[in-house]
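Let us take a walk through this structure together, one part at a time. Keep the picture open beside the text as you read.

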Amino acid sequence: MNQLISLLVENEAGALMRVAGVLTSRGYNIESLTVAKTLDPTLSSMTIVADVAEESRVLLIKQITRLVNVVKAVDLTESNAVQRELALIKISSVKPEMRSSVAKEAEIFRARIVDVAPTHYTLEVTGSPEKIDALIDLLHHYGDVEMTRSGSMAMARMPANRLPYPMFRAEPSAEESQTTPVVESK
Amino acid sequence: MALMNGARILIESLAREGAEVVFGYPGGVTIPVYDVLYDHNLRHILVRHEENAAFAAQGFARATGKVGVCMATSGPGATNLTTGLVDALMDSIPIVAITGQVPQSLIGRDAFQEADTFGITRAATKHNYLVKNIEDLSQVIHEAFYIAGSGRPGPVLVDITKDVLLAKTNFHMSDKLKPLRGYELKLDPDQAEVDEAVDFLWEAERPCIYAGGGIISAAAHEEVVKLSELLGAPLVHTVMGHGCMPPEHPNYVSMLGMHGGYAANMCISRCDSIIGVGVRFDDRVTGRLDRFAPEARVLHIDIDPVEINKNRRADVGVVGDAKRALAAINKRLEETQAQKSTENMKARTAWHGKVMDWQAEHPYSYEPSDVEIKPQYLMETINKFSKGEAIVTVDVGQHQMWAAQYIKFNSPRLWQSSSGLGSMGFGIPSGMGAKVACPDKLVFSISGDGGFMMSLPEVATVVGNNIPLKMIIMNNGWLGMVRQWQDLFFDKRYSEVDMQPGFPDIPMLAASFGIKGVTVRKPADLEAAIQEMIDEPGPFLLNVMVTREENVYPMVPAGGALDEMILGSQKPVATGD
């Protein structure tokens, strides 16, 4: 089963390479990976979905946490987290009499039609990965489907400082940030 | 405040961090750095191959505990460093490597001597940097030293583009540093973990302290000896752990693992409580993991949380600096000694006796010869001269294991071995670094005839810088360890291991380098030759022809359980009267 990992990393060159490197050097396939900056522009958040055996998950989190650029790593697999994905789906070769049905299906899934042409529709849908899978399965009945998916984004339901599961690295406290090494002048 | 170019800021920053010597090799993009070094008082030693610059920096770091420094140019210079970086990563040795990079305007255009050093060394370092802005340089160097030397030590590489080396800016001795918010050190153990550890320890009836390189890094040798004394627990150590306890100590057993002593392997296999300190339950230590120490509960103390539960599940894990963790545990043990120590004392005493009986029945042993020099006899003789006080650096293979078995070390930081990565060609350059770091110490490097040829160019560095390194070649004419496996597991089909063809005449080779060299073949001549080597004020090459087909025993075959040792010539000796 897939492991869902949420990371806070320094927003600098090489951060993605290091995190991906920890996974690839151990032979784990990355199913999806999203990365973008946070409210603090010096930090990026990453969500990774990877095929990692259950017994290796704690170790993997620790190995990622060990990276100097990683501020926080949390395993959200078993936890109460909101997980969402965005997909753009293009459906073509729809029989003229079925076009309105496609629009109806889209409505059921709360997908928006973002582009319309005589030959195809393009839909935008967000939701859990399972919901998107279901919509795609359904649309296959109406025509040829092309799609691009964002990969999962996840967020714990609780504020970060109240998470019930182990946090392998907390935000440095005020006291800790003050003890950051400073070069002594000679 | 002064206007300086990047090259000078680099050198001033290295000096500020306390660098004493840089092992390096110049090239196109690092010429500005060497221009600064031309009349700077920071010492630079010109090696003959960049890999050996990294090994020499390690030699310096392993001997002193300080951060070693090496430097190479872009492209091939950087790729040549890589083996030495991975080696330092595997053995947790603090070094900072500086590499030049092509100018930013050429990056990504397959420029001459361009390589993606930052990408290539991602998995070879604890952390690495690509400096593209001169304003970052001074701070990056500070961070690099801090990261290399703190926590679990390791190599840090700083790749600097040529345009940064040439740009100018104001250099401040004390730059403001941004916090390393992703790099948190946990040095002090949690009190709850300490209490749990102490309960664990008092419950032990058959304890075994399994001590590793983390004790050397943390200078926790006194604390581990004290722990052993408080519990009356026998101590076994890894190849990295040499020197953590004086070998004459009544609780000292020996090295454990694939070629460890019989008693050490039996001790950890039969114990009920493993106390692992600064170790990683490496496959060369545990043998077949699922059959390793089946009855033992595990207390694992390490500064790196990744190590806890990585290979062997720990019943109690303590994350912290080995010195602080052991001090806290010892303190608590002493406080609770009165009511607790008697409970399992009898069982622990009996267990200690049993381990020492194993030790007496199965010491390291071999068939002596007065015709040929047995490799074990060579190591015993070196031990006689080193008296547990000399620095000994080794290469990789049979001689490494015999040296680890027969040479004793009374204190930490005397033994240097490429233990995790097992890089041949390590002995001479690391010995060079050690001798530069400790000019008053006697330093032997021991190489096999295979590894010697890999590090041969560094003889020129040793001679050129008049580093009085005592270089010993244990010459059996083979890649002996590969041959041993071919002997035992491949029907003696000795494929591509014969190193005799083309091996140079050592006295002539030494003469051509302008130093003394001797070849010995007879056991009777060995002591005199070693004495001559020590008496010689300068470097010396001693080529010792040893028995060709000799195997290292005990040996745990790959994939075997640790208590299934091939004893070979290690015959039990009679005990008692």
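We begin with chain A, which is divided into domain 1 (2-80 + 157-172) and domain 2 (82-149); such bounds come from an automatic or database domain assignment. The C-alpha centres of domain 1 of chain A and domain 2 of chain A are 31 Å apart.

A word on what you are looking at: this is a predicted model, in which local features need pLDDT of at least 70 and side-chain atom pairs count only at pLDDT 80 or more, while totals for chains, interfaces and linings use all residues. Residues are numbered from 1 along each chain as its sequence is written, and chains are lettered from A and ligands numbered from 1 in the order in which they are written.

Now turn to chain B. Along the principal axes, its C-alpha atoms fill a box of roughly 75 × 60 × 40 Å. Chain B has a radius of gyration (taken over C-alpha atoms) of 25 Å, which agrees with the value near 25 Å for a compact globule of 577 residues; the globule rule is 2.2 Å times the number of residues to the power 0.38. Of the 577 residues in chain B, 57% are buried, meaning that 20 or more other C-beta atoms, placed from the backbone, lie within 10 Å of a residue's own.

Chain B holds 22 helices and 20 strands. These are DSSP runs numbered from the N terminus: helices are H or I with at least four residues, strands are E with at least two.

Look next at helix 3 (residues 50-64) of chain B. From first C-alpha to last, its 15 residues reach 21 Å, close to the 21 Å expected at 1.5 Å a residue; the expected span is 1.5 Å times one less than the number of residues. Helix 3 of chain B is mostly covered, with 14 of its 15 residues buried. After helix 3 of chain B comes B:Gly65, whose phi is positive, near 85°.

Finally, find the open sheet of six strands in chain B, with order 11-10-9-12-13-14 and parallel pairing; strands pair if DSSP finds at least two bridges between them. Its edge strands are strand 11 (252-255) and strand 14 (316-319) of chain B, each pairing on one side only. Strand 10 (residues 235-237) of chain B pairs with strand 11 of chain B in the parallel sense over two bridges. There, B:His237 has B:Met255 in strand 11 of chain B as its bridge partner.

Methods
Buried ≥ 20, exposed ≤ 12 C-beta atoms within 10 Å, placed from the backbone.
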